[in-house]
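Colleague: I would like to learn how to read a helical model from its contacts. Can you take me through one?

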Amino acid sequence: INAEYGAIGIHAMAEALFTETDRLLELFSLMSSIQPSKLRVVLQRVASAVHLKGSYGFDASEQEQITQVLEISDEALQTVMDGVRFIFERAAYDGLSGDGLMGAPDTG
């Protein structure tokens, strides 16, 4: 997911992989409200921990700091982490490459 393109790039990719739901729309709304450079950090950490069941790559104190830096609630952060993890897992299941997630043509 390319954080620099915000919800627009995410929405285009998601249309091909996901059914539009209120929860998915909430995720896009939350993500588009976060500064791209800050969102990128969250995306990278969640992606690096996606193989770890029950972990998002942050400990409790880091999650608290993130909510303050992003100026979002604990619930909003949980929605973002859950949603991003789901997107990464689904993309992996469907064989979408990293470039495909970022909106580039998938050549592999």
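This is a predicted model: local features need pLDDT of at least 70, side-chain atom pairs count only at pLDDT 80 or more; totals for chains, interfaces and linings use all residues.

Colleague: What share of the residues is buried?

Modeller: Buried means under 20% relative accessible area, exposed means over 50%, and partly exposed lies in between (1.4 Å probe, protein chains only). Of the 108 residues, 37% count as buried.

Colleague: And what share of the contacts joins residues 24 or more positions apart?

Modeller: A contact means heavy atoms within 4.5 Å. Take the contacts with a separation of 6 or more: residues 24 or more positions apart account for 62% of them.

Colleague: Next, charges. How many salt bridges does the structure hold?

Modeller: The general idea comes first. Side chains of opposite charge can pair when their charged atoms come close. The criterion is a side-chain nitrogen of Lys or Arg within 4 Å of a carboxyl oxygen of Asp or Glu. The structure holds three such salt bridges.

Colleague: Which parts does the pair of Asp82 and Arg23 tie together?

Modeller: Their side chains meet in a salt bridge at 3.7 Å, N to O. Asp82 lies in helix α5 and Arg23 in helix α2 (residues 22-32), so the pair ties together parts 59 residues apart in sequence. Asp82 is partly exposed at 25% relative accessibility. Arg23 is also partly exposed, at 46%.

Colleague: Where do Glu62 and Arg45 lie?

Modeller: Glu62 forms a salt bridge with Arg45, with the closest N and O atoms 3.1 Å apart. Glu62 lies in helix α4 and Arg45 in helix α3 (residues 36-48), so this pair ties together parts 17 residues apart in sequence. Helix α4 covers residues 60-70. Glu62 is partly exposed, with a relative accessible area of 25%. Arg45 counts as partly exposed at 29%. Leaving out residues up to four places away in sequence, Glu62 touches Arg45 and Gly57.

Colleague: How are Arg85 and Glu89 placed in helix α5?

Modeller: They are four residues apart in helix α5, which means a separation of about one helical turn. Arg85 forms a salt bridge with Glu89, the closest N and O atoms being 3.1 Å apart. Arg85 is buried, with a relative accessible area of 9%. Glu89 is partly exposed at 37%.

Colleague: Now helix packing. At what angle do the axes of α2 and α5 cross?

Modeller: Axes are lines fitted to C-alpha atoms, for helices over the stretch in contact, and angles run from 0 to 180 degrees between N-to-C directions. The axes of α2 and α5 come within 9 Å and cross at roughly 110°. That makes α2 roughly perpendicular to α5. For the cut-offs, angles under 35 degrees count as roughly parallel, over 145 as roughly antiparallel, 65 to 115 as roughly perpendicular, and the rest as oblique.

Colleague: Is the crossing of α2 and α5 left-handed or right-handed?

Modeller: A crossing is left-handed if the near helix is turned anticlockwise from the far one by less than a right angle, and right-handed if clockwise. The crossing of α2 and α5 is left-handed. Residues making the contact include Arg23 and Leu27 of α2, with Thr79 and Asp82 of α5. The contact of α2 with α5 divides into seven nonpolar, two polar and three charged residues. Nonpolar covers Ala, Val, Leu, Ile, Met, Phe, Trp, Tyr, Cys and Pro; charged covers Asp, Glu, Lys and Arg; the others, Gly among them, are polar.

Colleague: How does α3 cross α5?

Modeller: Their axes come within 10 Å and cross at roughly 55°. That makes α3 oblique to α5. The crossing is right-handed. Among the residues in contact are Val42 and Val46 of α3, and Val84 and Arg85 of α5. The contact of α3 with α5 has eight nonpolar, no polar and one charged residues.

Colleague: Last, Thr79. Buried or exposed?

Modeller: Thr79 counts as buried, at 8% relative accessibility. Thr79 sits in helix α5 (residues 74-93). Beyond residues up to four places away in sequence, Thr79 touches Arg23, Glu26, Leu27 and Leu30.

How values were computed
Residues are numbered from 1 along each chain as its sequence is written. Side-chain values use heavy atoms; hydrogens and water are left out. Helices (H or I, at least four residues) and strands (E, at least two) are DSSP runs, numbered from the N terminus.
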